[in-house]
Amino acid sequence: MSDTLCNEKKKPYTFSEDGNSCIITETRTPRYWYNYLWNENHYCAQISQTGHGRSYYLSEKADMCMMNQDDARYIYLRDEKSKECWNIGEGPLNTEVENYQCVHSIGSSRIQSSYQNIASSWRLFVPEEGYQEVWTLKIKNTGERQRHLSIFSAVSFYLEGFSYPRYYEMYRCMETDYDEKLKGVYCRSAHPFAPHKRYNAFLAASEPAYAYDGNLEAFCGTTSTITRLDASASALFQRPDIVVKGKDCTNSKAALFILGGVLQHKIVLQPGEEKELQFVFGISESLEEARAVSEKFPILQLWKRNLKKQKRIIWKNIVR
């Protein structure tokens, strides 16, 4: 009996009373524990207990658009005075946090923790319609002094998933740039063999960025990259130069190799003050379509209603 109770105490998870949520209390689980968020437009986001994971779109003809390389989907926080940096779900910096919790629910995932009197929460969901995922980030100063913070949201742009001649590698046909109306980084693809037009990606925010990077080598550093056998390259996000060395993003753009979207926002929090930011990571047929999605940001209640509606739809399909 005592052994049974002891084993139960060691479980890194519990279930909510209604059975609709799995509450994970340890970042270092035996394997990555994923939640799958999706809609009927065939968009899917795979969310681990640390927040990383792949996002993809599958067309009606089963043409895949894998959006991010190496499952890169990260948020970094940095204290601008001490230069200490961390992730809400610990990875990939692996700075230990307190009060960690990941709640995988039907329709959404929420990761929260605290570090040095900064409490943070990151919620992700896929709206009922569209080709994107929505992130809500809340940062609160629970201490007694003013805090200056930098927030780095980072994704990679991959956009692979279809067959094409070897001399037309996808990364040779893409370019990134920051768009002020979008308030984000847009990755444009001009691949001649793409099976449909939805091979453009973007990372947008509810507020203009302080700085950005569209070239992941500028963000992660030249020694934090891997060159593959096909001459393409990918970034290693465990210790990006910009974050760990106390630097600001460089407003870089890219047309080859390591393309991604990084947005840097700087905030000041008074004791007890909380700040909320919204992000959208998605794909589109055009920059105009991406801008139209980002224009929904001022209507925060719209996203909240959408989340509640999507939960009902998913639950209905599960019990059908």
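Counting a salt bridge as a side-chain nitrogen of Lys or Arg within 4 Å of a carboxyl oxygen of Asp or Glu, you get 18 salt bridges here. Keep in mind that this is a predicted model, where local features need pLDDT of at least 70, side-chain atom pairs count only at pLDDT 80 or more, and totals for chains, interfaces and linings use all residues. Residues are numbered from 1 along each chain as its sequence is written, and side-chain values use heavy atoms, with hydrogens and water left out.

Start with Lys266 and Glu80, whose closest N and O atoms sit 3.4 Å apart. Lys266 is in strand E20 (residues 259-269) and Glu80 is in the loop between E7 and strand E8 (85-87), so this pair ties together parts 186 residues apart in sequence. Strands (E, at least two residues) and helices (H or I, at least four) are DSSP runs, numbered from the N terminus. Through shared partners, Arg78, Glu80, Asp248 and Lys266 join into one salt-bridge network.

Next, look at Asp179 and Arg291, with closest N and O atoms 2.8 Å apart. Asp179 belongs to strand E14 and Arg291 to helix H4 (residues 287-294), so the link spans parts that are 112 residues apart in sequence. Both residues are buried; buried means under 20% relative accessible area, exposed over 50%, and partly exposed in between (1.4 Å probe, protein chains only).

Out on the loop between strand E13 (147-156) and strand E14 (174-179) you'll find Tyr167. Tyr167 counts as exposed because its relative accessibility is 61%.
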